[in-house]
Amino acid sequence: MNARRLGGLITKETLQILRDPSALGIAFILPLFLLLLFGFGVSLNAEHVPIGVVADHPDPTTDPLVAALRHSRYFEVRPLPGLKMARDLLSRREIDAILWLRNDFTRQTLVNAPASIGLIVNGTDANTANLVEGYVMQSWMIWLAQQNQVASHPLGLPVALQFRIWFNPALRSQDYLVPGLIAVIMTLIGALLTAMVVAREWERGTMEALMAAPVTMAEILAGKLLPYFVLGMGGMALSVALAVFVFAVPLHGSVLILALASALFMLVALGMGLLISSLARNQFVAGQIAIVVTFLPAFILSGFIFDIRSMPMAVQIITRILPARYFVSILQSVFLAGNVWSVILPDMAMLALMAVFFLGVTLARSHKRLD
Amino acid sequence: MAEPAGADALVFAGVSKVFGAGTTRITALDDLSLAIKAGRVTGMLGPDGAGKTTMMRLAAGLLRPDRGRVHVLGEDITKTARAVQSRIGYMPQRFGLYEDLTVQENLDLYARLQGLAAAARPARYAELLKLTALGPFRARPAGKLSGGMKQKLGLACALLRVPELLLLDEPTVGVDPISRRELWHIIDGLRVAGVSVLVSTAYLDEAERCDEVVLLDHGRVLAQANPAAMEALLQGRCFKVTHPTMPRRALQQTLLAQPEVLEARLDATSVHVLLAPDIPPPEIAGAAWQGVAAQFADVFVDQLHARRPARAPVAPVAAMAPRDHAPVLQVAGLNRYFGDFHAVKDITFEVTRGEVFGLLGANGAGKTTTFRMLCGLLPASSGTLLVAGQNLLKAPAEARRQIGYVAQKFSLYGALSVAQNLAFFAAAYGLRGERRARRLAWAEEEFELGPFQAMNAADLPLGYKQRLALACALLHEPPILFLDEPTSGVDPLTRAEFWQRINQYAANGTTVLVTTHFMDEAEYCDHLLLMSLGASLAAGTPAAIRAQAASADNPDPSMEDAFIALIAAHEQTIRRAA
Amino acid sequence: MWGRLVALIHKEFLALLRDKASRFVLVGPPLVQLLVFSYAATFDLSNIAFVVVNDDPGLAGRQLLARLTGAPVFNQVATLPSTAGIADFIDSGRALMAVHIERDFTQNLLVGRPGPVQIIIDGRNSNTATIALNYANNIVLDFEAEWAAAHGTPPTPATLVMRAWYNPDLLSRWFVVPGIVGLLTFVVTILVSGLSVVRERESGTYDQLLVSPYRPWEILLGKAIPGFVIGAAEAALITAAAVLWFRVPLTGNPLALALGLALFLVSAIGIGLMISALAATQQQGLLGAFLFLVPAIILSGFATPIANMPEAVQYLTLLNPMRYLMVILRGAFLEGDGIRQLANQYWPLAGLGLASMIIAAWLVRRRMY
């Protein structure tokens, strides 16, 4: 590496970035756009679920149960006169669930025979249905605890179950989506942007002129890598700032570790981008390949939205070769759990390995020749 | 300059290079051997696909030969590419400039890449900026320079550290005549300084400025010699033919129909003919034959003729359609602005039936904008535009049946086969039944597309793309034909053949409007409009325009001389007005 | 004239199907996405790793543990001697959950006092945590009912009996796969129509069409119809795959589904043509399609319910044709809907389709110069 030549290449690349609005757009506007979109648009916490409550005989026993539902932030209670109407509303998607207290409800509870509370949910969205069941159960437990206090004899709830949710006690879905999203955005900046700018040099014929100059391939690659590394880290800093200050995601771990892990991942993403561009010399094709092999997997298979533990074993094995998976895992831990070395060290090691692999293959594959 | 005079700057020994894989293999260089002497300017000419660019890239160490050796400045390029690259200068076809960087920033980048010491830079920059006259534009982004300025900047970047060997790949394509001259001045200066220069070109007249010329075809060397010596070999075979009554174009067609005639080109005032060797001129009543010196174009035709199948049979000129001088195209006071940019400035002209009308000018002169307004592809900012009495932009769709259109770069559906392209355009113009079958058969025969019917249009050789584009435009027998740079990038032989066809259609009554940046093609037009920077420089017949530029020093100027003289005059008027 | 239009459409198909890159766009991404989404995009937990700290020497603790380990979704990975080791397992992600049964669990139960049990869950993925919590809760409830029955203590005053309509086993796949039919139809249609005009503009053939006697509406139709046919074919294929391969029941009226898809295709093509008209190069077209597709998919209810979004965003989704299609798809597949039940979705789709086509036509005409 010759400092003068490398300096020339870096200056050139920096000037190009500063003058090309699309590069700055991908590095700064896109993270903003995606973070706002996902931060506000995607929530797995169902709130204000419209629920129809059919109490055949409302009385002082059922009222507290209905009240418990009402007080829950998860439900929008609609008292309904009869089951028929409730079923009708459910099938028209106007309500998502029905809670049915039969006319023998109070009588049954008084004679200590179990009364059944009917819960009918629209199961189309299985996940929301699961959540609704959990929320109803919580309200029901509150009701039971109240009944226990007023009752003369203890009602049957023998187990004092205590849940403790670590890392995200309020179970805010944003707290896990936003850190994961940062990995997706870094993939876009690193791989997509880099693949396209190298392809652009081929398209415009400047790569030919560069190669005819007495520079080494390593210098050409480093001249691409360093400016985009800085740009990517800038995008990363912006994303972290947004996560912490706009979406109020707690950052329990150390910023230094976050920076270190991001730097490693950035190298991996840049390596993938450079490798793609060594295969495709046209911006259109390079962009498509980058989206299909880096962005989509980072989106779906990284554990950013869909938990890898829920995937079939074969898919889980595939995720092991995805760099984004390791970065998402680091991000979720560093943000929510802190410096968990048992997660961070192996994941960082994998990222380092992949960075070496992608950059090494790129260097080995790149010849200072057109054929 | 380490190389002693007379040594070889570049040696190719048995070099072969094949591109592609599987069934589509293209042999770019076929066992090619040649040596290029140091301290000279060597020109490289040949038709498309001859292997010129591949040779340049091999010499610059950008490609690896499949077989054979390439020695540059005495070193094997495959072994010491980087060491050699620091001793050569290379300008690729598109100049290799970063368009969003300024002139100065481009120079800085290449100065650093070539390892020019920081202390030496200011003096070298000043020298090069003076040489290229780019001094006033140091802060301008390269993308905003004209074609000629880009070319000079590209050259300056290749010259930052004085190279021992300079490789220039088609540096003058699409560049205006003045810039071409300036480039050759710079090259002449380099020759004096002892730099070896290898330049490939599509302009045959440029060959005459070289010390030595290499003619390539199909990846092989056809000839390598001093251009004057090559021309001398054709002594006695070149004639200037005139006829007292027959129009020049009809005379040219008649001459081409003779088996002895290898080539008949329209000259300023006559027809320039190259005969087959050892044959007396054929008898044509009334024609006067006067022996003249050969031009390099004759060498080119003569050399390539031996290896090419006989030229496409050209139907004899039908009885000349009567010229009624009815105006078919009328343009008056035409203006077009793009934002603040005044792209076309107050253009006025008229084209009558059966006429070949040429819009000439360098890239960026406003030819294509004018052309697109005529076709109804672009609204005019102001002015009158009538094609067969109608404004195509507003006229009903049926009015567009009147025109045939060949777009720049021969726009065809690349993924469709030749037959599918033809079938689509036949249907698009509503050809049906017997007429459709007849026209498709005509296209196949006239343009010799038979063997290519199943090939994808994108895979056709450039010359055949041009033929297919012309065939598609002519299927519906339009009375008016629009051609936008139909000869750009096409080699001189194909260009000549193309013009022959165009003149034939014109002779049959088709009105042709054509744009070109090749000044020598002006002779094929009945009337011309010379454009520069959006404005009309001159209009009239080729002879009239040349006469306008005639001076005491140059009583019989070529179209290129005329263009340069007119631009100089035009610039003076602007300066006086300012 | 119809012959000319047919030639235009035929040409469009040839250009799409003969070109390797376009063929790939039609086949590659849909296939990959179908497989990946169907198999990987699931919220169902099947293998919850947990660790146990059992300080209770009694029977009840063992019975509760037996229920947990016996449940197919739970998988015990370790038994720890003390709570001190829990953090290690949870932090590193080796276990999602820890169950701590305290020392006097059995004893308390026997004397009628509540027996303390602690469950610790890794909340890093809040959704996974919520679901695991539900499962654990249900198992504890079952245990309680069993204990009450066996020991004659008063049973829980009420039991919660849940029934899920339309998807009784609450399979994520039944929710995701019909959505994919819409997603892929959307992506392919936008790409085919979004790149069609701009591809021709880039290669210069668009000028050729404009100087030919084709009228602007013919050119527009020549671009729209291939997009429609390809989108419809893609939708039919994926619907077939959903029913035959992924075994998602198609309980509603197939005609209602087809009508919904047809209306949707019109708006998707309109949007694609708008993108195409505004883009100068294929690259810009691709970027435009991407910038439109990502939010349109996220804000469609495909993955997460629209009801969970902020109110302002919910209003925005009313302009998203995908939103209506998602309801139609799930209505027709799972909820057994017919044309009448889905009428409320058809009208807005038809309106959006009409509006997008009109805007597209206007843009395409304007951008002709």
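Tutor: Two residues are taken to be in contact if their C-beta atoms, placed from the backbone, lie within 7 Å. The model before you is a predicted one.

The helix to begin with is H14 of chain B, residues 462-474. H14(B) has 13 residues and spans 18 Å from its first C-alpha to its last, close to the 18 Å expected at 1.5 Å a residue. A residue counts as buried if 20 or more other C-beta atoms lie within 10 Å of its own. Twelve of the 13 residues of H14(B) are buried, so the helix is largely enclosed by the rest of the structure. The buried residues run from Gly463(B), Tyr464(B), Lys465(B), Gln466(B), Arg467(B) and Leu468(B) to Ala469(B), Leu470(B), Ala471(B), Cys472(B), Ala473(B) and Leu474(B).

What provides this cover? The elements over the buried residues of H14(B) include strand E19, helix H12, helix H13 (433-446), strand E20 (480-484) and helix H15 (492-507), which belong to chain B. Of these, H13(B) has 14 residues and reaches 20 Å between its first and last C-alpha, close to the 20 Å expected at 1.5 Å a residue. After H13(B) comes Glu448(B), with a positive phi near 50°. Elsewhere in chain B, Ala133(B) also has a positive phi, near 60°, and it is a residue other than glycine. Ala133(B) sits in the loop between helix H4 (121-132) and helix H5 (147-158) of chain B, and it counts as exposed, with 12 C-beta neighbours inside 10 Å.

Two of the covering elements lead to the neighbouring chain. Chain B gives 26 residues, and chain C gives 20, to the contact between them. On the side of chain B that touches chain C, the elements giving two or more residues are strand E19 (403-406) and helix H12 (418-428). H12(B) supplies the largest share of that side, four residues. By class, this side of chain B has 16 nonpolar, six polar and four charged residues.

Chain C in turn meets chain A, with 83 residues of chain C in contact with 82 residues of chain A. On the side of chain C that touches chain A, the elements giving two or more residues include helix H2 (20-40), strand E4 (115-122), helix H6 (126-151), H7 and H11 of chain C. H6(C) gives the most, 14 residues. The side of chain C that touches chain A has 49 nonpolar, 25 polar and nine charged residues.

H7(C) and H11(C) also pack against each other. Helix H7 (residues 172-203) and helix H11 (residues 282-298) of chain C meet at an angle of about 160°, and their axes are 9 Å apart. H7(C) and H11(C) are therefore roughly antiparallel, and their crossing is right-handed. Among the residues that meet are Leu183(C), Val187(C) and Glu202(C) in H7(C), and Gly285(C), Ala289(C) and Ile297(C) in H11(C). The contact of H7(C) with H11(C) comprises ten nonpolar, four polar and two charged residues.

Chain A holds another packed pair of helices. H2(A) and helix H7 (residues 173-204) of chain A pack at an angle of about 155°, with their axes 10 Å apart. H2(A) and H7(A) are therefore roughly antiparallel, and H2(A) passes H7(A) in a right-handed crossing. The residues in this contact include Ala23(A), Leu30(A) and Phe38(A) from H2(A), together with Leu177(A), Ile185(A) and Leu192(A) from H7(A). They divide into 16 nonpolar, two polar and no charged.

Ile29(A) also lies in H2(A), which covers residues 21-41. Ile29(A) counts as partly exposed, with 14 C-beta neighbours inside 10 Å. Although Ile29(A) and Leu238(A) are 209 residues apart along the chain, their C-alpha atoms are separated by 9.9 Å. Finally, Arg93(A) has a positive phi of about 65° although it is not a glycine. The place of Arg93(A) is the loop between helix H4 (83-91) and strand E3 (97-101) of chain A, and the residue is partly exposed, with 17 other C-beta atoms within 10 Å.

Methods: Residues are numbered from 1 along each chain as its sequence is written. Chains are lettered from A and ligands numbered from 1 in the order in which they are written. This is a predicted model: local features need pLDDT of at least 70, side-chain atom pairs count only at pLDDT 80 or more; totals for chains, interfaces and linings use all residues. Axes are lines fitted to C-alpha atoms, for helices over the stretch in contact, and angles run from 0 to 180 degrees between N-to-C directions. Angles under 35 degrees count as roughly parallel, over 145 as roughly antiparallel, 65 to 115 as roughly perpendicular and the rest as oblique. A crossing is left-handed if the near helix is turned anticlockwise from the far one by less than a right angle, and right-handed if clockwise. Ala, Val, Leu, Ile, Met, Phe, Trp, Tyr, Cys and Pro count as nonpolar, Asp, Glu, Lys and Arg as charged, and the others, Gly among them, as polar. The expected span of a helix is 1.5 Å times one less than its number of residues.
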